[in-house]
Amino acid sequence: MATDNNRLTEQATGVYIIAATPFSDDGEVDFHSIDSLTDFYLEQGVTGFTILGMMGEAPKLSEAETTQVMQRILKRVAGRAPVVVGVSHSSNRHVERLSKEAMDLGAAGVMIAPVSNLKTDEQVHGYYAGAIKGLGRGIPVCLQDFPQATGVHTSVPVIHRLVDEFEQVVMLKHEDFPGMRKLSQIRQASDEGRHRRISILVGNGGLFLPQEMLRGADGAMTGFAYPEMLVRVCALFDQGKPEQAEDLFNVYLPLLRHEFQYGIGLALRKETLRRRGAIRSAYVRRPGPVLDRTDLDELTRLTTRQEAALARFEAK
């Protein structure tokens, strides 16, 4: 069980890395690479982890594998950073079971996305309210707003209503696209005292991180294969150095943009992590993208250019 000091709260800031789930070349879960990837993320200075999300290929894991992956990561982290567990599912009973299992193993909180085919504000609110009530007050919740993947639009009024009704809602993972105005509206409402302030961490690969930090985001919750960039950019914003932060961000922007591609992005990210020595195989469990020779050569060119650009930046 996570200690109170390691529970997810409204004050969460920094970079919560969306962790990949490593597989071997034959498609089996690679527990050795789970350990090395966890160590890699910690070495790069991440604040926390988010596991078993969409990028973690959670829907492709069996229930037994889900538990094994969760156990392995939490054991390896060993309380050095908070771990948020993705528990999204069409069944509230499954959400409740997995959430309680995660918390018993030491998770800091859980992340929930709405099920698909919810069309109205009342439907979205009703789904979240039912799921959160089932968890009870003791489990901190991060709302995942990712309409590109879920097909569900979670409006600002619905988010405010959930924040007002449930004290365990402590974080929003903001991934609407375009959605920066939504971020501004939520932050303005809390700044003016109209609603409780919660943590807002942003996704979308970090593609809009500088603009989102300027609009009041508290950090990032995404999985770019160079997490040290996300860590440094967020730290520079915290230090009141937004121009330096954006200059550094721009060095990585071509590769970040390339990795952001829908359909192929996860394969690119895993291949980069493999090249960096964090995992042994870049295998994406089927059905999933497979890189061809042109894709691999293209990635090599982009990473080579990034390394040269970073060297010039650091030499200034």
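The model is predicted, so local features need pLDDT of at least 70 and side-chain atom pairs count only at pLDDT 80 or more, whereas totals for chains, interfaces and linings use all residues. Residues are numbered from 1 along each chain as its sequence is written, and side-chain values use heavy atoms, with hydrogens and water left out.

I begin with the barrel. Eight strands close into it in the order 1-2-3-4-5-6-7-8, with parallel pairing. Helices (H or I, at least four residues) and strands (E, at least two) are DSSP runs, numbered from the N terminus, and two strands pair if DSSP finds at least two bridges between them. Strand 6 and strand 7, the latter at residues 199–202, pair in the parallel sense over four bridges. Within that pairing, M171 has S199 of strand 7 as its bridge partner. Helix 7 packs on the sheet and touches strand 5 (141–145), strand 6 and strand 7, where contact means heavy atoms within 4.5 Å. The direction of helix 7 makes about 165 degrees with that of strand 7; axes are lines fitted to C-alpha atoms, for helices over the stretch in contact, and angles run from 0 to 180 degrees between N-to-C directions.

I turn to a helix pair. How do helix 2 and helix 3 pack? Their angle is about 25 degrees, and their axes are 10 Å apart. Helix 2 is therefore roughly parallel to helix 3, since angles under 35 degrees count as roughly parallel, over 145 as roughly antiparallel, 65 to 115 as roughly perpendicular and the rest as oblique. Residues in this contact include M70 and L74 of helix 2, and L98 and L105 of helix 3.

Finally, the backbone. Most residues other than glycine have a negative phi, and most peptide bonds are trans. A cis peptide bond joins F177 and P178, with omega about -5 degrees; P178 lies in the loop between strand 6 and helix 7. The bond from R286 to P287 is also cis, with omega near -5 degrees, and P287 is in the loop between helix 11 and helix 12.

Is each buried or exposed? E57, in the loop between strand 2 and helix 2, is buried, with a relative accessible area of 2%. A78, in the loop between helix 2 and strand 3, is exposed, at 55%. Buried means under 20% relative accessible area, exposed over 50%, and partly exposed in between, with a 1.4 Å probe and protein chains only.
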